[in-house]
Amino acid sequence: MRPSTPGSSAPAARGANRSGIPVPAGSPAEAGGFSRGVLIGTGFTDLDRARTLLASSELDRVDHETLLGILADAPDPDQALILLVRLLDRAPGAAGVLDDPDRSLALARLLGSSEALGEFLIRRPDHVDLLTDPTQAAATAPVLGPEGLDAESSPLRDLLLASVEADPSVPEPVAGLRGKEAAAALRIAYRRQLTALALQDLTDPDPQGIQPKVSAWLSDLAGAAIEAGLAVSRADAVEQYGDDARGVSLAVIGMGKCGARELNYISDVDVIFVHSSTLADGHRSATIATALAAGISRYVTAAAPEPGLWEVDANLRPEGKDGALSRTVDSHAEYYRRWAHTWEFQALLKARPIAGLPELGQEYIDAIWPLVWTSSEREGFVSSVQGMRRRVLDNIAHQDRDREIKLGSGGLRDVEFTVQLLQLVHGKTEESVRVRNTQSAIRALERRSYIGRKDAQSFAAAYRFLRLLEHRIQLVHLRRTHLMPDRPRARWVLARSSRGPGEPGPSDADALTAVWKRTRKDVRALHEKIFYRPLLSTTAALSAEEVRLTPVAVGERLSALGYLDPAGALRHIEALTTGVSRRASLQRQLLPVMLGWLANGPDPDGGLLAFRRLSESLGSSPWFLGMLRDSSAAAERLCHVLSSSSYISDMLEHLPEAAAWLGRDRELQPMPFEAQWQEIRAKMARHPDGDEAMRQIRLIRQREILRTAIADASGLLDQDAVGHALSDADRAAVLGALHVAENTMFGHPEARQDEAGELTDLLLVAMGRQGGREIGYGSDLDVMFVHRPRPGADPDAAQRQAVELAKQVSSLLTKPCRPPVLAERPLIVDADLRPEGKKGPLARSLESYQEYYRRWADTWEVQALLRARAVAGDPELARDFTAWADSVRYAGDPGPSAIREIRRIKARVESERLPRGADPARHLKLGRGGLSDVEWLVQTLQLQHADTRASLRTTETMSALEALVTEGLLPAEDGQVLHRAWQLASRIRSGIVVWSGKNSDVLPAKRQDLEAIARWCGYEPGNAAGLEEDYLRCTRHARQVFEKHFYGA
Amino acid sequence: MDRQQEFVLRTIEDRDVRFVRLWFTDVTGTLKSVALAPAEVEGAFAEGLGFDGSSIDGYTRIFESDMLLQPDPSTFQILPWRGEEEPTSRMFCDVLTPDGEPSAADPRNVLRRQLSRAADMGFTFYTHPEIEFYLLASKEPGPDGQPVPVDQAGYFDHEPGGVATDFRRHAVNMLEAIGISVEFSHHESGPGQNEIDLRYADALQTADNIMTFRTVIKEVAQLQGNYATFMPKPFGDHAGSGMHTHFSLFEGDSNAFFEPGAEFHLSTTARRFIAGLLHHSVEITAITHQFVNSYKRLWGGGEAPAYVSWGHNNRSALVRVPLYKPDKAGSARVEYRGIDASANPYLTYAVLLAAGLKGIEEEYELPEAAAEDVNALTAMERRALGHDPLPGTLHDALRIMEESEFVAGVLGEQVFENYLRNKRQEWDEYRIKVTPYELQRYLGIL
């Protein structure tokens, strides 16, 4: 016990209250006679009410001047006054307190801070001895000792057990009181202790310093209340189950804050129940244990003459709210060994026996607690740590939660997550950081140099300050809230209550708000500083105050982030941060947070390497560093792109200026075809040399593909838009190539003397997916070359010239340039789909096509024409070609034998075209339910119905599919199945190229590849198997639909 | 390294174990085994053991590259029939992809997935199988082309000094020695036919136990110079071999099927579970009866219910609710009688559990119980009462399963596809065979 608190300074309150506002001496002592100034100076807001109350008969014997001096110490004088008057009405003897400066200060602080506890005293005036006779009261309400945090057992258990007439000296006491009487007695005893605690808390000169003790004491008090509830519950069980009840023991494990002895004034108490039994019948044991556990909650919470305390929440138990309320130790251990999710182990981090049979509780802890620290060896640890980290970041993103002290950005939760994260990462190798309590953990992490000394201090101080605010806010109504009050008056009161008497601290609402805001900002910065900054510590020159982690500890953190090769990552970090250049110094600032962003992608190691390369090729250009420094959105997007796509990383390395788009969404919009063509024309005009012009054209194509890919990776484009953008880029390039080829053969248009050299006009018609503008990255250009000899030209010479031009176009697009276009995937022109295939002439005249189709064409060749789209060449020829193609492809139902022929070809293609050994279920293009199934079905229906239904006349598969549904030719649900399968297969194909830089038509089997592609397709991390399963299911369904409509099964 | 793994390594050293067999199963439930030198075990725990998946049924064509076997240390056992000379042990394995994730093609993983779904709903799933098999004189048929049983005894017969009695004693001892508790063993109705009931255990352990059981039974028979078979129907004239299994769901330590005072003491959960079993019984028949031969038993009468039905202590019903023993609330259970002795226990229990859980989740209504002998009803009566028949051949069963989203969801797309492929192939091979029946019936007259 210690002498009552800040007595020495109390007399000062006579002349001036602690707000520094002088109370005029010699004011009229008569009730109601106080001047406005005096009342305002005391801190009242409702002056009329204050006057009335001061005049009330209960205060007759009190010196009003002294009283005002006392009330000036109350954080909320209005509230303190009315509670005082009501209290004196119920307990007139309490008036004596007002003559004692120490005790009157305590009274003012209590009534002015907690309406709920004031009401308690008014409701239960017996307990006013806590104020009137502190020495006497101390015997029945223990005082916070210096041992505070470390005390394992406290007299609280004995006191609360005594309240329900249970014998505290036995390990499993049985209460004498029962029913609502017991509930009321227990709660009154609890609130008596709570009031005693609040009195000490509120009068301590250093409330932040005492906060850990208060929290520990609150946890013990909660444990004691549960113990007393259990004693009553046990009495019930004995009555209901007879001697069997004595054969069943229960232990209560505190989780969360209660387990860690860091509880706040009012909060759900998270528990887990465990039982043991000497009975043979496990079923009956479980029934009794469940009754015991349920009884606790009833006596603590359910309706009784004294209000309930708080919820006893057992939902963290195995299997959550569906699971059994209590289990045996073995059953718990079995669950955690076999079924538990990683986060459940994290929840166990704070588990501690708080009530019930101590040996049983210890047995539980011995069996379960070690599992927390081996959980890092379990699968999914990294991803679950990442999930935790994301939760921290997500919190930071919520700007609207401005008043949240706990969950808001820079709130308590941020501190707790950061600390737990470090405990889990380093606790595997370092036993001394395996502690439950947040503040102890901060100290342990500091002692082992996982956190710098200064950071640890700031972190702990911020945590204590936030907890203090939380305590004071909850104390007012004993309500579970974490919201900063809105009204200025309430903030003013909070500022006063959260300050010790005579303690400097925020003295008014504005000052409090300012300190709170600064603390939140500090907490936000500290997360980054504490977790990420030290990753640089083995290499970069950090300031002396910053912690220097060992390479092992850095490795642990990098692995926990998902870096597979921490040693390699360290080398890159070193290269990026060593030196005195502006770049190195800026990267020292940026890299910590970028390491986190890179770790969000599927390949953090690759991403870091790519960033190093990019930085080395760009680092000296001021805009690059400027962009990273000034636009964190751009830097984050860059990290995302680099760690999820080697395709983009490669291109970016050679076209580094594209990094500038990252910060500007407008620049990531696909460039329209016309704009590209205009730029290409300008280039051709400036570069009369064909090779150089072509190089420029190919650079433009490369740039536009990169733009599309970055926009795609940033989620700015949908699948259709990507297909269109890529097709447009190819079209612009091929159109450019055609012009360059013509210029090379015939001379520059302006310089052409006559047109004698030109015998024919050439047209490129895109086929297949190019025709439908639905290509992916790295697609070839399937074409037919169509030409029309100029009037009077020799047909044979014109044909030769057309073929020559066609060859030129292909060659211009692919042949090596000087200097080379780095990382380019040249556009390969593929004319193999032309009539007669490779044996046929490369180009044909339009007439020849018409002739061919009239006389020879197979149905599949008509079908191929469905996606023919004129992309480059003479506009008039394009118009005529399209008109002719329409007349062929939209000619109407080709008849049953043609349809049968299409079906037969498809069936043959299915068995023959599939590469040897490929699994048909995983082949994106030719596999079951893959792209080609959907396309063949759509095209067949187009052939049959496009003559009468104009909406079917499109080269795009998805538009055609949509039209088929609208026209009622396909049931909507079947259309949806096909749509989803086609989209998913297309998306996966893109994903494969973007992730690996290679083209492949097979769904990968390697997990890392699948994982990356799953993320590309919009899955959450850790869903590789989910994508695989979804793809197989989607395509199986698509195949069913396909077979039904195509083969008519 | 966890404690279980340390225990295994210590035992290997203490008992001077010479070989460690790693066991796993293919999709049809055939046991596969790889022998490992003791020195390799620690490495296998840490990194798994690589093997070529492409040569195993159901793993074929999925992954060209190697797969990994991850031994489950909790299944470590010394194999008793190997004697003390060169002690040999075994562990069951989970099959992993080269990246260390559970392989979607591993039947054990299919069951694990359903069990963890049950755990998410708060349930533990216990199973108790009654396994029948025939003890034959040898693997070779007799002169009449029929298998030769070791005796001519019948149901519950005790044959003094009989081969089967000795055999059961040996087998039960062996099973106990390997940690499999036997509840019950007796002679069954067919000549040479025996039944041994295993004590209830959670479903994964039961499935492992069944795989072990089959091996033990075959080994013991061989030691005696006989041959044991789990073929569903080796004799046209005698009963086939089934694997009726009792199921119960526990919530923590209490039986979720039990409700005092309710009809048959069946809780709502139990009723919905049964409804789930019945509702999906047709589409899962290709799993519970996986061979061409299975259907000879299924449609051969006797103890093989072939109609969708349930009843209280009704042996003709597909799902039987056994008589309740008043003192044993924990023993409330339901018996699914539509499984034959050759089923893949992992897949079978996975689909049955999933069916039951679906019944619970979607609150299926339980149809009325069948009070009479379902087999004795006329076809029209059964139709009127809603007792649909199970499929009549493997082919029919596969056609139904192909359309089942439910089965695809439980097995996962990969096992679903592989299983169907494997079974279609079996059917295709079967239907071009000319059987003795055909020769006997047609050769003389046509």
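Guide: Of the 1049 residues in chain A, 50% count as buried, where buried means 20 or more other C-beta atoms within 10 Å of a residue's own, exposed means 12 or fewer, partly exposed lies in between, and C-beta atoms are placed from the backbone. This is a predicted model, in which local features need pLDDT of at least 70, side-chain atom pairs count only at pLDDT 80 or more, and totals for chains, interfaces and linings use all residues. Residues are numbered from 1 along each chain as its sequence is written, while chains are lettered from A and ligands numbered from 1 in the order in which they are written.

Chain A holds 44 helices and 10 strands; these are DSSP runs numbered from the N terminus, with helices being H or I of at least four residues and strands E of at least two. Its domain assignment includes domain 2 (144–378), domain 5 (663–889) and domain 6 (899–1047), with bounds that come from an automatic or database assignment. The centres of domain 2 and domain 5 of chain A, taken over C-alpha atoms, are separated by 77 Å.

Now for the close look: helix α38 of chain A, residues 875–889. Its 15 residues reach 21 Å from the first C-alpha to the last, close to the 21 Å expected at 1.5 Å a residue; that expected span is 1.5 Å times one less than the number of residues. Leu877(A), Phe881(A), Ala885(A) and Arg889(A) are the buried residues to look at in α38(A). They sit on the same side of α38(A) because they cover an arc of only 85° around the axis, the arc being that of the directions from the helix axis to the C-beta atoms. Turn to the other side of α38(A) and you find Pro875(A), Glu876(A), Arg879(A), Ala883(A) and Ser887(A) exposed.

What lies over the buried residues? The cover of α38(A) includes the strands β6 (760–766), β7 (781–789) and β10 (869–873), together with the helices α36 (846–855) and α37 (859–865), of chain A. Contact here means that the C-beta atoms of two residues, placed from the backbone, lie within 7 Å. On that basis, among contacts in chain A between residues at least 6 apart in sequence, 72% join residues at least 24 apart.
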